[in-house]
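The following exercises concern a protein and the ligand beside it. Each task is followed by a solution in steps.

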Amino acid sequence: MRSIAWLSEKGGTAKTTSAINSAVGLAKLGHRVLLVDADPQANATMVLLEGRSAGAPTLAHVLIDRADAADAIRPTRTEGLDVLPSDTLLADANVALAPELGRERRLKRALEGLDAGYDFVVIDTSPQRTLINVNVLNYVGEVLCPVDPGIFSLSGLGTLREAVAEVARYLDNRALRLGGLVLTRTQRDNITRDVEARLRGTFGELVFRTTIPGTTKIGEAHARFLSVLDYAPRSSGAKAYKALVSEIIGHGQVIGIGGPPAGAAEADHGGDPGDAGRGARRRARAG
Ligand code: ADP
Ligand code: MG
């Protein structure tokens with residue numbers, strides 16, 4: 001099982017778009033995927049539940065009231081993809097959890113065991129520094145960061161890197177690593193070219209080869225509560241997200257950037273990055 005959070009300190013960088021399309025893309029390849037919506041804005045929930053908001057229980061009930069995560073998880077129209085939905089109540093979790101013991105580990109405890117039923121857990125997050133995001137960082141094995149050249153800043157990436165390192169150091173997630181940066185909403189212009197050159201110059205292998213072009217199809221897809229993979233499968237946006245999904249699968253297996261120190265938290269994060277691929281192959285044989 002690989003657990004991946006889409007995270008950035010900025011809003012509007014395509015976290016939600018990337019979470020939806022990577023989760024749908026992985027499921028379409030035969031992987032069992034859980035998308036956890038950890039943003040109170042619940043945009044990913046709206047798309048995956050086809051415009052319906054989720055009734056109780058949601059992630060807020062799981063984190064605050066210790067509702068059983070299994071009861072909150074719903075299937076989606078995409079075979080193999082489930083969602084643990086969010087709603088505005090999640091915004092209260094930061095305050096509600098503040099005085100609680102183990103407040104940084106609620107998500108980890110809630111998903112423990114249950115996540116073994118999935119090949120990938122993909123998490124959408126909000127851009128704020130919140131207790132919810134600390135919970136996310138304490139749970140996942142990898143952070144992926146979308147970078148929009150139009151609202152790019154190297155300092156934001158530095159802060160993200162520090163936050164990841166800090167959580168790995170002070171909390172109980174030594175396996176956490178920054179899995180990669182993805183350029184999104186790229187244009188054929190000098191801003192994109194400059195930012196891409198600086199990013200690849202600074203972060204090298206950490207930057208995914210695939211970039212996601214700016215395309216109106218993405219907004220159109222969201223308005224119809226669809227991933228771009230379903231709405232316009234032959235569009236440049238869909239092709240890019242498909243390529244990104246292949247790279248995400250490959251990144252974990254081949255490159256293993258900044259991978260966990262030997263023996264660290266193998267049980268928590270599946271340690272062996274090859275198990276997701278085997279899961280898919282098992283199902284291919286069974287089906
Ligand atoms: P975040 O979750 O980081 O706030 P979103 O995924 O919600 O960002 O994207 C912000 C806005 O940008 C949305 O309106 C979305 O439809 C749009 N968007 C995201 N990716 C693209 C893209 N590749 N091309 C065009 N618009 C995009
Ligand atoms: Mg979002």
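**Exercise 1. Determine what share of the protein's residues is buried, and describe its overall make-up.**

Step 1. The structure is a predicted model. Of its 287 residues, 48% count as buried.

Step 2. The secondary structure consists of 14 helices and 7 strands.

Step 3. Consider contacts between residues with a separation of 6 or more: 78% of them join residues 24 or more positions apart.

**Exercise 2. State the order of the strands in the sheet and identify the edge strands.**

Step 1. In general, the strands of a sheet pair through backbone hydrogen bonds, either parallel or antiparallel.

Step 2. Here 7 strands form an open sheet with mixed pairing, in the order β3-β4-β2-β5-β1-β6-β7.

Step 3. The edge strands, each of which pairs on one side only, are β3 (74–75) and β7 (177–183).

Step 4. Strand β6 (residues 142–147) runs parallel to β7, and 6 bridges join the two. Across this pair, Pro146 stands opposite Val182 in β7.

**Exercise 3. Find which strands helices α1 and α7 touch, and give their directions relative to β5.**

Step 1. Helix α1 packs on the sheet and touches β1 (2–6), β2 (33–38), β4 (81–84), β5 (120–125), β6 and β7. The direction of α1 makes about 165 degrees with that of β5.

Step 2. Helix α7 (residues 131–139) also packs on the sheet, touching β1, β2 and β5. For α7, the angle with the direction of β5 is about 155 degrees.

**Exercise 4. Explain why β7 is described as largely enclosed.**

Step 1. A residue is buried if 20 or more other C-beta atoms lie within 10 Å of its own.

Step 2. In β7, 7 of the 7 residues are buried, so the strand is largely enclosed by the rest of the structure.

**Exercise 5. Describe the largest nonpolar core and the contacts of Val33.**

Step 1. In soluble globular proteins, nonpolar side chains tend to be buried together.

Step 2. The largest nonpolar core has 79 residues, of which Ala23, Val33, Leu35 and Ile123 touch the most other members. Helix α12 (residues 236–255) supplies the largest share, 7 residues.

Step 3. Leaving aside neighbours within four places in sequence, Val33 is in contact with several residues, including Ala23, Leu26, Ala27, Leu81 and Phe120.

**Exercise 6. Characterise the surroundings of ligand 1.**

Step 1. Ligand 1 is surrounded by 17 residues, the closest being Ala14, Lys15, Thr16, Thr17 and Ile218.

Step 2. The elements that contribute two or more residues to this shell are α1 (15–28) and α10 (216–223).

Step 3. Sorted by class, the shell contains 3 nonpolar, 12 polar and 2 charged residues.

Terms used:
Residues are numbered from 1 along each chain as its sequence is written. Chains are lettered from A and ligands numbered from 1 in the order in which they are written. This is a predicted model: local features need pLDDT of at least 70, side-chain atom pairs count only at pLDDT 80 or more; totals for chains, interfaces and linings use all residues. A residue is near a molecule or strand if its C-beta atom, placed from the backbone, lies within 6 Å of it. Helices (H or I, at least four residues) and strands (E, at least two) are DSSP runs, numbered from the N terminus. Ala, Val, Leu, Ile, Met, Phe, Trp, Tyr, Cys and Pro count as nonpolar, Asp, Glu, Lys and Arg as charged, and the others, Gly among them, as polar. A residue is buried if 20 or more other C-beta atoms lie within 10 Å of its own, exposed if 12 or fewer, and partly exposed in between; C-beta atoms are placed from the backbone. Two residues are in contact if their C-beta atoms, placed from the backbone, lie within 7 Å. Two strands pair if DSSP finds at least two bridges between them. Axes are lines fitted to C-alpha atoms, for helices over the stretch in contact, and angles run from 0 to 180 degrees between N-to-C directions. A nonpolar core is a set of buried Ala, Val, Leu, Ile, Met, Phe, Trp, Tyr and Cys residues joined through C-beta atoms within 7 Å.
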